[in-house]
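Here is my note on the model, as numbered points. Please read it with the structure open.

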Amino acid sequence: MAAVTQEQNRLYERLAEVIEEKKDLRNPLIEILRIAQEIFGYLPIEVQEFIAEKMNIPASKIYGVVTFYNFFSMKPRGKYTLNVCTGTACFVKGAPRLIQMLSEELGVGMGETTQDGRFTLSAVRCVGACSLAPVFVIGEDTFGRIDAKDKIKEILSRYE
Amino acid sequence: MSLKRIDLLICCGSGCVSAGSLKIKERFHEVLAEHNITSEVNIIETGCMGPCDYGPVMVIYPEGIFYKKVTVDDVAEIVSEHFVKGRPVSRLMLHDEEKAIAAQKDVPFYQKQVKVALENCGYIDPESLDEYIATGGYEALGTVLTEMKPQDVIDLIKESGLRGRGGGGFPTHIKWQMVHDNKADEKYIICNGDEGDPGAFMDRSLLEGDPHRILEGMMIAAYAMGATNGFFYIRAEYPLAIKRIKMAIEQAKEVGLMGKDIFGSGFCFDAEVRTGAGAFVCGEEMALIHSIEGMRGNPTPKLHILLCRSWGKPTVVNNVETIGNIPTIFRKGAEWFSSMGTEKSKGTKVFALTGDIKNTGLVEVPMGITLRELIFDVGGGMIGNHKFKAVQLGGPSGGCLTVDHLDTGVDYESSKNAVP
Amino acid sequence: MKTLADLKKIREKAQEDMKLRGGNVRIKIVVGMGTSGIAMGAREVMKTFLEEIAARNLTDVLVTQTGEKGLSSMEPVVDLIEEGKPKVTYGNMNPDKVKKSGG
């Protein structure tokens, strides 16, 4: 337990440094929240309150921002977030089927995380790779024209 | 001492990267080393070349030969046949009724296109400031700063007839004039890269493929209206675009093309990137401004219908493609620009073609070209020669057009009238 | 960088690095690199051209290659194409001749 707390403290220390570095920029809140999510993996209420205190702004404002943008999550996420594009082009080219295949392969539903904590299945609006529809994205890697489970298996196996 | 005799341009736009172009690039490095000709070939990663459906694509100079759907296994043959023996590999070329089309310029996909904003996209290395300068980059900025008054700049844009490429088609010079005329200690310019319309990847490709062009265009606009700070608002879903713009800003600052007293003119400018966090509405101007201000991206009414304010200061929001046209307008002249297009819609327009069309990808055509030409000549027609049924033009606020509208011109007026 | 003249200097240097992609080419040297050409040393000839051009700082000369030209007995064969002039074909080339032909 002590080790867990220590690890947590380290993360908060890093966040404090980031806030210190960025707080004089013009309205850095979204930038700070982005980095905070990188550090913690998600943005629980405690982290939001910590930022509120350090930046001297109401926690309610932060909550408002976090819940507005779908990039921010208040639930823990897997090591990799698998974003399926649900823009119109992907939708007509079979995004719903792709989601179904991914969901069966991973054994989780939309917005859920696999038990081993590797993947979170999520949807995202158009990623602008429409000519490759249907598309999903892991980190900075885009995978297009996914029409079979074999391809999905092969791709997922690259992410340990 | 340069012994280079071949420029190998590999398309590293998002489409080709996901089709495997980076692996192909690695393979080229290996095979060139095996043949001991590494020193003779420049490998250049470019932005989107356009025909994404044929990805990964590449162009090889000096001949200008275009290869499509290249795989890792094809690399050895390209090197030993084409690079070593000078015999281009015809099976990797595009074929028109059994005849191989060798040169990129002869590929039908490119023939009705006129590239202004996309001029360098797929032709230069987007991460190289030198290559942008080689194509005449920053010359327009230098001329504007040292030889023109801000009002002259606005007048030239007025003369060119440039209108907002984000969809609304609002005349660019009116926006600039508003901010120019508004006295304030600080003014801002925002480049709207929150492209989110379904099927659209024009702005993404421009930011990724020619970032310095957007930077130069933004600075010319800033000078015209007296802005000293710029913001690039780019979606988090576009990580490569964010990286490239950040890199371009660093490079420009390093050589003094951005910062204090640019070209000795006294003009100072600084820009930064703000990342969107995923909310479609943030493409709307006021919502976008609130998002940059670090708040919820709620659209709010403006005090004046045209004038935006961020942090209470006059602000212009211009779309990526609009800004991308600016350097070329100053290099080639307002008259040149307004000679293209229709009476009210001047210049060219970039389109992202997607769906059941043969040549999906990124194209730039003169305003006013008909949908028929765009879909059948440039786009190659329907897959499997099926009957064309309908096309969606523009975003959610655009509309669906059917076969009855195929002879509609793609310009602001005609498309507005056609959409039911 | 403080003036348009500074920019021009950088541009000229950068254009030189991009000359393969078009631009100002006065002379094009086409080396025949078919099987027999290579067997007779066409690669060496081409390399020497590249080296000599770089050493003499000739910014408007381009070296490219082609396949078999059908003149097997004269390999390596090189075409020299100068804008506005008839094409000149050189046969039995070797690195020494390349060095002499420049200037």
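**Notes on chains, domains and folds**

1. The contact between chains B and C takes 27 residues from chain B and 26 residues from chain C. Here two residues are in contact if their C-beta atoms, placed from the backbone, lie within 7 Å. On the chain B side, strand E1 (6-11), helix H5 (129-134) and helix H6 (139-147) each supply at least two residues. H5(B) gives the largest share, four residues. By class, the chain B side that touches chain C divides into twelve nonpolar, six polar and nine charged residues. Nonpolar means Ala, Val, Leu, Ile, Met, Phe, Trp, Tyr, Cys and Pro; charged means Asp, Glu, Lys and Arg; the others, Gly among them, count as polar. Helices (H or I, at least four residues) and strands (E, at least two) are DSSP runs, numbered from the N terminus.

2. A word on conventions. This is a predicted model, where local features need pLDDT of at least 70, side-chain atom pairs count only at pLDDT 80 or more, and totals for chains, interfaces and linings use all residues. Residues are numbered from 1 along each chain as its sequence is written, while chains are lettered from A and ligands numbered from 1 in the order in which they are written.

3. Which chains have the most contacts between them? Of the two pairs of chains that touch, it is chains A and B. That contact takes 33 residues from chain B and 29 residues from chain A. Helix H1 (residues 14-18) of chain B brings the largest share of the chain B side, four residues. The side of chain B that touches chain A has 13 nonpolar, 14 polar and six charged residues. Chain A and chain C have no contact; their closest C-alpha atoms lie 28 Å apart.

4. Chain B is divided into domain 1 (6-108), domain 2 (129-336) and domain 3 (348-418). The bounds come from an automatic or database domain assignment. The C-alpha centres of domain 1 and domain 3 of chain B lie 29 Å apart. Five residues of domain 1 of chain B are in contact with six residues of domain 3 of chain B. The domain 1 side of that contact has three nonpolar, one polar and one charged residues.

5. Look next at the sheet in chain B. Four strands form an open sheet in the order E2-E1-E3-E4, with mixed pairing. Two strands pair if DSSP finds at least two bridges between them. Strand E2 (41-46) and strand E4 (65-67) of chain B are the edge strands, each pairing on one side only. The twist averages 20 degrees from one strand to the next. For this angle, axes are lines fitted to C-alpha atoms (for helices, over the stretch in contact), and angles run from 0 to 180 degrees between N-to-C directions.

6. E1(B) pairs with E2(B) in the parallel sense over six bridges. With strand E3 (residues 58-61) of chain B, E1(B) pairs in the antiparallel sense over four bridges. Leu8(B) stands opposite Ile43(B) in E2(B) and opposite Ile60(B) in E3(B). Cys11(B) has Thr46(B) as its bridge partner in E2(B).

7. Is E1(B) buried or exposed? Six of the six residues of E1(B) are buried, so the strand is largely enclosed by the rest of the structure. A residue is buried if 20 or more other C-beta atoms lie within 10 Å of its own, exposed if 12 or fewer, and partly exposed in between, with C-beta atoms placed from the backbone. Ile6(B), Leu8(B) and Ile10(B) point one way, while Asp7(B), Leu9(B) and Cys11(B) point the other way.

8. Eight of the eight residues of helix H9 (residues 202-209) of chain B are buried, so H9(B) is largely enclosed by the rest of the structure. Among them are Asp203(B), Arg204(B) and Glu208(B). Helix H10 (residues 211-225) of chain B is likewise largely enclosed, because 15 of its 15 residues are buried. H10(B) reaches 22 Å from its first C-alpha to its last, close to the 21 Å expected at 1.5 Å a residue. That expected span is 1.5 Å times one less than the number of residues. Gly226(B) follows H10(B), with a positive phi near 85 degrees.

9. Chain A has seven helices and four strands. Of its 160 residues, 33% count as buried. Chain A is divided into domain 1 (2-68) and domain 2 (80-156).
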